[in-house]
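Here are some brief notes for a first look at this structure. Please read them with the model open beside you.

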Amino acid sequence: MLIALIVLGLWPRAISVEVAGVRRGTLVVTVDEEGMTRVRNRYVVFAPVAGQLQRIDWKAGADVVAGRTVLAVLEASGADFLDTRSQAQAEARVRASEAAREASLALRDRADAAASTFAADLERARALREQNVLSAQEFDTAALRANSAAQEARAAEFGFKVSDYELQQARALLGRGLSPSVKGPSVTSIEPLVITSPVNGKILRVFQESARVVPGGFPLMEIGDPTDLEVRIEVLSRDGVGIQPGARVLLEQWGGPQPLTARVRLVEPSAFTKISALGVEEQRVYVVADFVDPIERRPTLGDSYRVEARVVTWENPDTLRAPAGALFQRRGEWLAFVVEGERAVLRRVTVGRNNGIEMEVLGGLKEGQLVVVYPGDKVTDGTRVTALSVTPP
């Protein structure tokens, strides 16, 4: 009896461990970085000539209408009369603006035609998708093409309005710069130069409010459409290599109750160097994504707002996955402790993708098996264990 008690006292006790199940399901691998919203098309209004700027009473957020809203009034003196050389340059600028307007018109017409074609393709793809003739991936590709074409058409329309406005400005400056001898003897004074809005939208920023003398080319304000937003995400260049146009982007922590969805339109071809908070040089690149959700889901989201972006680089709805905390490396091999009966058995595991929380299991484990999560030094091959808690899959 005494011997039995001694043996029972010296018998190794079972170690309490946390276990989790190996399950099949969706595994999503993402690149998580901070991003910032920005107005896709913006226009900076400049003072075309030097002169006395009257006070600007407009504030950021005010609505403006192209060609109708007076943004600023500039009083220029006779000093802006053009000599022969400057007049020739102004005439050349007018001809260049006319050519730019014609080019913008052609680009707009081409973009409109492409948008109409891709929109029709999307409707056909939607009908085929409803009949289960077309795959989800092909339908998503058609939707991406249609959305990109619509955005390009909108940008082309903006470019045409800007080029038309610049042509009007060039003609106005040419007319103002003519000397009295050219204009006629009856012209004795110069009317103030009225600067109107080049596009429809809102005032984003006012750079100069007070009245002052400004030189030619001085920025006055910035105009754009705050509902026409895109997201610019700053990622490490090594992560940017794996991001493809059309990739899904989840936008979180933007201020709303639900995440927003976007699609990658462009990974910029040129990276830049940035010093991290720890003083480490990093090569980073910008990823530009377009919103997919309607404006009704983000009515108050504006320009230069911060968001947390998760760019999906790989996704599989039927993946055998295990918690990343249950897998560890030893001598270059991935291992895991599988609970069999009351003992932890060491197994070699072949892994695939990893999102930091879960890992794709390619071999060594089966669905439904329990694995030890974060095994300590006391857990070895054959150790008796007791499940302390089970981590949900």
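This is a predicted model: local features need pLDDT of at least 70, side-chain atom pairs count only at pLDDT 80 or more; totals for chains, interfaces and linings use all residues.

1. In the lining of its largest pocket, nine residues are nonpolar, six are polar and nine are charged.

2. Next, the pocket itself. It holds about 600 Å³ of space. Its lining counts 24 residues. Nearest the centre are Asp140, Leu144, Gly246, Arg263 and Val292. The biggest share comes from α3, with eight residues.

3. Follow β16 into the strand pairing. Strand β2 (residues 23-39) runs antiparallel to β16, and 13 bridges join them. Find Glu33 and look across: Ala309 in β16 stands opposite.

4. β2 has another partner. Strand β11 (residues 229-236) pairs with β2 through five bridges, again in the antiparallel sense. Here Gly35 faces Ile233 of β11.

5. Now the nonpolar interior. In soluble globular proteins, nonpolar side chains tend to be buried together. The largest nonpolar core here has 25 residues. Val45, Leu53, Ile56, Leu74 and Leu220 have the most contacts inside it. At least two core residues come from each of β3 (42-46), β6 (70-75), α3, β7 (193-196), β8 (201-206) and β10 (219-224).

6. Another core, of 23 residues, lies apart from the largest one. Val31, Val39, Ile243 and Ala262 are among its members.

Definitions and conventions. Residues are numbered from 1 along each chain as its sequence is written. Side-chain values use heavy atoms; hydrogens and water are left out. On a 1 Å grid over the protein atoms alone, a cavity is a set of points where a 1.4 Å probe fits but cannot get out, and a pocket is an open set with protein on both sides within 12 Å along at least five of seven lines; lining residues have an atom within 4 Å of a point. Grid points are joined across faces, edges and corners, and a volume is the space filled by probe spheres set on the points. Helices (H or I, at least four residues) and strands (E, at least two) are DSSP runs, numbered from the N terminus. Ala, Val, Leu, Ile, Met, Phe, Trp, Tyr, Cys and Pro count as nonpolar, Asp, Glu, Lys and Arg as charged, and the others, Gly among them, as polar. Two strands pair if DSSP finds at least two bridges between them. A nonpolar core is a set of buried Ala, Val, Leu, Ile, Met, Phe, Trp, Tyr and Cys residues joined through side-chain atoms within 4.5 Å. Buried means under 20% relative accessible area, exposed over 50%, partly exposed in between (1.4 Å probe, protein chains only).
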